[in-house]
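Trainee: I should like to work through this model by question and answer. May we begin?

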Amino acid sequence: MSGESPREVPLPVDGLAGEGLEAEEAEWAAVAPRRIDTEQWTRFESHMEEIFTAFGMPVRTPSTADTPRRFLQALFDATSGYEGDEKLVTAFPTECRGGPDCRISQVVEGPIPFFALCEHHSLPFFGTAYVGYIAHEHILGLSKLTRLVRLFTRRFTVQERIGQQLADSLESILAPHGIAVHLEAVHLCTQMRGVRERESRTRTTYWRGTYDSDAQLRGEFFTLCRGRS
């Protein structure tokens, strides 16, 4: 991926990589800006003021008078992944010169930091993602891998789902020979409440294609991940 920049091209409309675009059903391809009108915001702020007051916060002090609005705005910003990302629907021709069956070296991007909200308790979990793939006919711009991680982490979600969504989306976008996803995160729902486990981290991995069948390739992927952590 060095030298002259490849020409950006639309994803093909034939085969796996184009099916989601044609049907406009692929979650990674959906762009749907959220609309909340003034009346709704006012009502939501009133509800939050009532809740904060019931929980003990003095909500009309100089420091907290605007807290309900700020809280809702922060929550809205933290869940921007529901709106999609129109810049994810392009790919580049592979750098391999041997035809569609020629495999180039694995591409590994990370650590990609992320923040998400657990859908069970609406508390944050945060960590890093590593994404790897073996290209087939297309490669994805490196910034697109970060965009894809942010698309699925800026939501109410669970870590297990994020990994599946990343792997499924890359498979749909690129139809590569293999996909690897590794996530490592700290969950405040286990640290602030419940078992109050202060030191634990949750690690999840997902394999597709060549990575699933080649243990040596998986080992190389983890070596690259450790080298970048």
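Trainee: At the start of helix 2, which backbone nitrogen does a side-chain oxygen of Asp37 reach?
Mentor: This is a predicted model, so the distances are those of the prediction. Helix 2 covers residues 38-55. At its start, an oxygen of the Asp37 side chain comes to within 3.2 Å of a backbone nitrogen, that of Glu39.

Trainee: How far apart are the end C-alpha atoms of helix 2?
Mentor: Helix 2 has 18 residues, and at 1.5 Å a residue it should span 26 Å. The model agrees with this expectation, because its end C-alpha atoms are separated by 26 Å.

Trainee: Which helix do the buried residues of helix 2 pack against?
Mentor: Trp41, Met48 and Phe52 are buried in helix 2. They cover an arc of only 35° around the axis, so they lie on the same side of helix 2. The face turned away from that buried side carries the exposed residues Glu50 and Ala54. The packing partner of the buried residues is helix 3 (67-78).

Trainee: Is Gln159 buried or exposed, and which side chain does its own side chain join in a polar contact of 3.1 Å?
Mentor: Gln159 belongs to helix 5 (residues 159-174). Its relative accessible area is 1%, under the 20% cut-off, and therefore Gln159 is buried. Residues touching Gln159 include Phe125, Leu183 and Tyr206. The polar contact of 3.1 Å joins the Gln159 side chain to that of Thr204.

Key:
Residues numbered from 1 in each chain as written. Predicted model: local features only at pLDDT ≥ 70, side-chain atom pairs only at ≥ 80, totals over all residues. Heavy atoms only, no water. Helix = DSSP H or I, 4+ residues; strand = E, 2+ residues; numbered from the N terminus. Buried < 20%, exposed > 50% of the residue type's maximum accessible area, 1.4 Å probe, protein only. Polar contact = N/O pair within 3.5 Å; in protein donor to acceptor, adjacent residues only side chain to side chain. Contact = heavy atoms within 4.5 Å. Expected span 1.5 Å × (residues − 1). Arc of directions from axis to C-beta. Lists of a residue's contacts leave out its neighbours within four places in sequence.
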